[in-house]
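Please look at the sequence and the model side by side before reading on. The text below walks through them in order.

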Amino acid sequence: MTVKGRIRYLLYAFECFAAFLLQSLPFPALELFGARAALVLSAAFSIAFFESQVTSVIFAAMCGVLTDISYCGSIGFFSVIMPAACYSVSLLFENFFKRNLFTVTAAAFAGIAAVMFIHFFVFYLMRGYPDGWQFFAKRYIMRILCTLLAVPVFYGMDLLFFRIRSEYMNG
Amino acid sequence: MLAGVTAAFLVISLISVGNEYVSGFIEGCIIQPVQRLMCNADPPPKSREELENELSRLSEENCRLREELAQHYDIMAENEELRRYFDIKKQNESISLIPAAVISRDPDENFFGFVMDKGAFDGVELNSPVVTEKGLVGYVSGVSMRSCRVTTILSPEAAIGAVVKRTGSVGVISGSTALSDSGRTKMTNLPAGSGISEGDMAVTSGFGGMFPKDLLIGRIKAVYTDAFTAMPAAEIEPYEDARKIQSAAIITDFSGKDELFTKEK
């Protein structure tokens, strides 16, 4: 592969970093009914729709580590869960699904919902907080929808990168 | 010619004696323009070497002044920040504060926790209280070198000793999942018959040495009986909305800090 073909990795890295910066803005921006989109999750899934499992896992791990360490935490939840989720998505799209906006949105919804549910289980239910399902319905569902709304944007960007790469590869 | 000029001069002098208009006219129209011309006359041209030296000196001076100006702006901003917390400091002189800015908010954080731009290098320690001029916001629950994570009083993880100022009833401030969305928290473990009512003010009790005494927390919005403990509890509306703050101060030291831990040792 030419250097020009590899430039998309740089663009992916930039995309993930920009998503992270946007999602962690200190003021209430990109919020919907008090819920914030986990843009890093949308970006990582969008990359997984186009790339091989290895590439998907690398970028998902990068996003996961970034999310974990940036809130003064240790490498943990997101560093593990995001590569696993993106690996599954990449595998599905390489072998079973044809890529279009409908399948991408459906897969992203399933992936985001799975990650959020595990997050809810680990960081809410396991800590023994009360009114779990009420809280899930109030907070997490809105967060899932917000995150899902960002998927078409990242998908569009990654589709553009993918076409640029294809043009270079086809000469 | 000379005689004519001298005669004219004498005539003008005689006329101008005691006449301010004439002397003023002469001064303004003849003498001052000449004086200005003399003052503004170009100095002898400088050599190239002199000019280069002067240019480098001025460049250095410009650089230095720019740095000083930047420092000046920093100091002005810091002063402005510190002035906000002057009242807290006035109430409790032993308090040491560091102003800090909110640099990020985690979308996956359920109880509006945030990250501030001061860390261990700045003297921030685990469990340091975080306040604004309006009242208590939370405490530091994670520290890295240059930043710290703050858990707000809206979180159920918080357990802050508080006292109702009017009645002296002691309780514990701890967040609730049901109230956190509306920016409220609750006070539990209140003694039966404490006589608290809506509008009472809750402040930190200072017990345990984690928070200084008398930091403002919030106002009681409702009093009810806790379903689990069957003890009185109160819904508190914090004076500061932790969901929206952009900057706050971290209390790094105060008299009675870590009292309980020291006694245990």
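Residues are numbered from 1 along each chain as its sequence is written, chains are lettered from A and ligands numbered from 1 in the order in which they are written, and side-chain values use heavy atoms, with hydrogens and water left out.

The model has an ipTM of 0.72 and a pTM of 0.69. The pLDDT, which is the predictor's confidence in each residue on a scale from 0 to 100, averages 80 in chain B, where 80% of the residues score at least 70. Helices (H or I, at least four residues) and strands (E, at least two) are DSSP runs numbered from the N terminus. Among the elements of chain B, the highest mean pLDDT, 90, belongs to strand 3 (residues 129-131), and the lowest, 57, to helix 6 (residues 259-264). Where pLDDT is low, the predicted coordinates should not be read in detail.

Chain A contains 6 helices and 2 strands, arranged along the sequence as α-β-β-α-α-α-α-α. Of its 171 residues, 47% are buried (under 20% relative accessible area; exposed means over 50%, and partly exposed lies in between, with a 1.4 Å probe and protein chains only). Taking a contact as heavy atoms within 4.5 Å, 69% of the contacts in chain A between residues at least 6 apart in sequence join residues at least 24 apart.

Next come the aromatic rings. Rings of Phe, Tyr and Trp (its six-membered ring) pair if their centres lie within 6.5 Å; planes under 30 degrees apart count as stacked, over 60 as edge-to-face and the rest as tilted. By this rule there are 21 aromatic pairs over all chains. One of them is tilted because the rings of A:Phe120 and A:Trp133 have planes at 50°, with their centres 5.4 Å apart. This pair links distant parts of the chain, with A:Phe120 in helix 5 (residues 101-125) of chain A and A:Trp133 in helix 6 (residues 132-169) of chain A, 13 residues apart. How covered are the two partners? A:Phe120 is buried at a relative accessible area of 0%, whereas A:Trp133 is exposed at 54%.

A:Phe136 and A:Tyr140 form a stacked pair, 5.5 Å centre to centre with 10° between the planes. Both residues lie in helix 6 of chain A, 4 residues apart, about one turn of the helix. A:Phe136 is buried at 13% relative accessibility, and A:Tyr140 is buried at 0%. A:Arg143 lies over the face of A:Tyr140, 4.7 Å from the ring centre; the rule asks for NZ of Lys or CZ of Arg within 6 Å of the ring centre and within 35 degrees of the ring normal. Ring pairs join these aromatic residues into a cluster that also includes A:Phe117 and B:Phe111.

In chain B, strand 11 (residues 232-238) is mostly covered, with 6 of its 7 residues buried. Two strands pair if DSSP finds at least two bridges between them. Strand 11 of chain B pairs antiparallel with strand 8 (residues 185-188) of chain B over 3 bridges, and with strand 10 (residues 216-225) of chain B, also antiparallel, over 7 bridges. B:Ala234 in strand 11 stands opposite B:Met187 and also opposite B:Val223. The hairpin of strands 10 and 11 of chain B has 6 residues between the strands, and B:Ala230 there takes a positive phi near 60°.
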